[in-house]
Amino acid sequence: MATSTYPARNPQLPLAGFYRRIRVWDQVAYLVTLASAILILAVVGLIVFELWISSQPTMQTFGWSFLTHSRWDPNGEKFGALPFIYGTCVTASLALLIAVPFGVMASVFLAELAPPRLSNILTFLIELLAAVPSVIYGLIGIFVLIPMIRSYLVPSLTSVFGFLPLFQGDFYGVSLLSAGLVLSIMVVPFIISVSREVLLAVPVDQREAALALGTTKWETTWQIVIPNAKVGIIGSVFLALARALGETMAVTMVIGNTPKISASLLAPGYSIAAVIANEFAEASGDLYISSLIFLGLVLFGLTIVINALARILVLTTARRSA
Amino acid sequence: MLMAISQRRKFVNALMLSLSGLCTLIVISVLFFILGYLLFHGARSLNLQFLTSLPKPSGETGGGMANAIVGSFKVLLVATSIGVPLGFLAGVYLAEYSGKTFAFLFRYVVDLLNGVPSIVIGIIAYAVVVRPMKHYSALAGGVALGIMMIPIAVRTTEEFLRSVPNSLREGSLALGATKAKTIFAVVVPAAISGLISGLMLNLARVAGETAPLLFTALGNMFWSRGWMQPIATLPVMIYNYAISPEEDLHQQAWAAGFVLLALVLAVNVTAKMIIMRGPAASRR
Amino acid sequence: MIKTSDRYITKTALFSFVVFTFSFAQTAVAQVSLTGAGATFPAPIYQKWFNVYQSVGKAQINYQPNGSGGGIKAVTEGTVDFGASDMPLTDEQLKQYKSKHGFEVLMLPTVLGAAVPVYNVPGISQELNFTPEALSGIYLGKVTTWNDPAIAKANPGVKLPGSKIVVTHRSDGSGTTFCWTDYLSKVSPEWSSKVGKNTSVDWPVGLGAKGNDGVAGLIKQQPGSIGYVELIYAVKNKLPYGKVKNKSGDFVKADLASVTAAASGVKSIPADYRISITDSAAKGAYPIATFTWLLVPSKFSDPAKGKAMAGFLKWAITEGQNSVEALSYSKLPPAMVAKEQSTIASIH
């Protein structure tokens, strides 16, 4: 029928209202996702801001000498961060010293030698190791690792290397050594999984060319494949380092919680994360609290620096190879 | 002479390769040792009483961690509802809308957030939630863990959305769908298996976090009601029991460790299997 | 794509899980709940009390032992309803509380306990005697081996090994530490000037452990170690603990009688209940005994909470006292109970 009671619709713009509404939702979606991103930026900003502001009392009282003093006396209101920085760095370094060779060698096996199915299964299992909660590592550390270290490792270490100040002094179970060992177990999966991936990513023709020239498999791996994958491997080391620095529970259960610097690995120590975990709940008094928060800021700063180094490394190598 | 060199090289080859195998063996055996030890000690102390009763005062035997198990779930629920939507939406923005410079800066900031030590996040949550509210709560614990979930949520969302081929997007746009509809009705469902597995891995990671809960959720001897009360959680209970000298509590710590690890590993395995199934399914 | 059946399964699972957790959110009876934090020293008796009190049906009181220091801080910040500490608040802390909240915090003694010297010396199963000089020497780092004359003199006939003494102490803010250092400050001028007394001090030597539990655990695992814990922790964990020479010159072992004797020397009870009973001159008194206090706000914003707290306190200093001796704590002196009743009545 030509005539109708309904107003004539513009045939070229059917459902105009509907489309307008959809475009509105389109805008809304854009704004909502943008808002989420901004909110996250705000959260990070808030964190940095809070940390900075709350550290002010300590910063103003001690200045940067806070980082070089080694006396931690909440009673006398003398705070020095050095024992904790020392403990954090020593345990993290020890962890890497052990984990990197093990991790890289294991990743070599998984990437170069193992048949693909076995490699996948083993990698799967190793990544499960990364998922074990830290407090469970602490449990194992207290009840399994420390007795083992006490009965086997320390006697052999002291008999062979006892002349080094590194292994002198009495061993009480809880120590920098124990913490370093627990940390090494915790970070090895990260090194293995990332290194294995970058090793696998090295093109096959590189290997084939080397083998064609008569190198052994190991020589190929060591002289061709690993150097090619160097960036990724170092990236995994940085990742492991960041994890080792921030680790709290496992460390506080085995490190001894003693704010003293000692040359010996057998002595108890303290790490930044551990002291915050132990003392924050009872810290009263502005200077005490802000000292602990300043320590947290220092730790955060350390991880920022490591992250930045890792990124710079990736960028420079990418640029070089481009 | 030549023979000696080539023999030496062969020897070094064999040595280093077997060393690499040995290292792998050691790492794998550590894993199995941890699992086995936990299984042995944990399963021994794991009984119905442990799973259903409340902690008993020290000195009295029996008692369990029922409230801690439920408590962990509650806190994780809060954490997921805070961290995952934020991370997901931001990841969508990153993958679909944002320009290059913003994306680069944003990714750096998110990396920073990832690098914040968990204990520091606990302090922040204490300052921002517990102190103003004047009580410890499951909410505060959830906020702390939620903040920790954000970086991984952002990263996995972006990664899996980017992995969806552009042809899907183009096809949808060609059919007249708007950008938003394309993203949420086409791209996201295509990446869903990756997103879900990313969520599960994220969840499994924060499920074991203890440090942020120390100053936020505190702990509870009883059932915690609602979200505004201190609440018992598995990792914190494990920690408290592990450092106590009572043998009975040690056994409970092992049992709790077993439960926690079993849950975390189960979630991890499921997540990985979803990933393995996902791309194959979408190829159909 | 996910199969439809999978979707439904996930949806139902998620839904039922949410319902499950929410069902715990609203547990039956509308009980008043209180949260407290603080000392590990009285934790065993507090946990027992709160457990019993809940089934007496009146209030759910959740107590988290994180050290006296933690208790003081938490109650001052207002993040818990009450605190617990074996160190009474200093004038400054009291002032801080008042300026923050506008009203005062009450310190109410609940039980008497003792800090005992626990040790783990392989080969020694008998009780050792410790003089004040020995204890202060050990903790100052001057007495370093077990067969040092300072210890040997008080233990004739005991074959002490020449091994090193592993000193242990608390790593967290502890009222037990306060009690211990309070005693050491009284008996050793050197300790008093060098280290002092507080919940947390700059220890000259030793390993730190968290909580009374942590110290007990450390002693158990570490041969040659010495530490201080509340009496019940030594008893519970079957750790040997020594006798200490008191002011009258007798070597006294910590037990119900000797701790009660230490409190008997108190002549008058101050209004704020801050009393130190270490190094008591009373006969047969154990020299390292102390009261432990609950730090209770004098005003509660929620009247139901105030009533519940007052109700519990009244119960604790009367009926509750019947269960303290089973856990090796001593009862409060009757004069103190009477005085506290009136203070408790002022809580609202």
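**Figure 1. Where chain B meets chain A.** The contact between these two chains takes 65 residues from chain B and 66 residues from chain A; two residues are in contact if their C-beta atoms, placed from the backbone, lie within 7 Å. On the chain B side, the largest share, 19 residues, comes from helix α1 (residues 2-45) of chain B. Helices here are DSSP runs of H or I with at least four residues, strands are runs of E with at least two, and both are numbered from the N terminus. Sorted by class, the side of chain B that touches chain A has 49 nonpolar, 11 polar and 5 charged residues. (Ala, Val, Leu, Ile, Met, Phe, Trp, Tyr, Cys and Pro count as nonpolar, Asp, Glu, Lys and Arg as charged, and the others, Gly among them, as polar.) Keep in mind that this is a predicted model: local features need pLDDT of at least 70 and side-chain atom pairs count only at pLDDT 80 or more, while totals for chains, interfaces and linings use all residues. As for labels, residues are numbered from 1 along each chain as its sequence is written, and chains are lettered from A and ligands numbered from 1 in the order in which they are written.

**Figure 2. Where chain A meets chain C.** Here 18 residues of chain A are in contact with 22 residues of chain C. The chain A side of this contact is made of 6 nonpolar, 8 polar and 4 charged residues.

**Figure 3. Two crossing helices in chain A.** Helix α4 (residues 134-161) and helix α5 (residues 176-201) of chain A have axes that come within 10 Å and cross at roughly 125 degrees. Axes are lines fitted to C-alpha atoms, for helices over the stretch in contact, and angles run from 0 to 180 degrees between N-to-C directions. α4(A) and α5(A) are therefore oblique to each other: angles under 35 degrees count as roughly parallel, over 145 as roughly antiparallel, 65 to 115 as roughly perpendicular and the rest as oblique. The crossing of α4(A) and α5(A) is right-handed, a label used if the near helix is turned clockwise from the far one by less than a right angle, with anticlockwise being left-handed. From α4(A), A:Y137, A:G141, A:L145, A:I146 and A:I149 meet a set in α5(A) that includes A:L177, A:L181 and A:I185. By class, that contact has 9 nonpolar, 2 polar and no charged residues.

**Figure 4. The sheet of chain C.** Chain C has 13 helices and 11 strands, and 8 strands form an open sheet with mixed pairing, in the order β2-β1-β3-β11-β4-β8-β6-β7. Strands count as paired if DSSP finds at least two bridges between them. At the edges are β2 (59-65) and β7 (207-209) of chain C, each pairing on one side only. From one strand to the next, the twist averages 25 degrees. Helix α9 (residues 211-221) of chain C packs on the sheet, and its direction makes about 150 degrees with that of β8(C). Helix α11 (residues 256-264) of chain C also packs on the sheet, touching β4 and β11 of chain C.

**Figure 5. Strand β11 of chain C, covered on both faces.** 9 of the 9 residues of β11(C) are buried, so the strand is largely enclosed by the rest of the structure. (A residue is buried if 20 or more other C-beta atoms lie within 10 Å of its own, exposed if 12 or fewer, and partly exposed in between; the C-beta atoms are placed from the backbone.) One side of β11(C) carries C:A289, C:F291, C:W293, C:L295 and C:P297, and the other C:T290, C:T292, C:L294 and C:V296. β3(C) pairs with β11(C) in the antiparallel sense over 3 bridges, with C:G83 opposite C:L295. β4(C) and β11(C) are also antiparallel, over 9 bridges, and C:V105 stands opposite C:P297.

**Figure 6. Strand β8 of chain C, with a neighbour of each kind.** All 6 of the 6 residues of β8(C) (residues 225-230) are buried, so this strand too is largely enclosed by the rest of the structure. C:S225, C:G227 and C:V229 point one way, and C:I226, C:Y228 and C:E230 the other way. β4(C) runs antiparallel to β8(C), joined by 6 bridges, and C:A115 sits opposite C:E230. Strand β6 (residues 166-170) of chain C runs parallel to β8(C), joined by 2 bridges, and C:V166 stands opposite C:S225.
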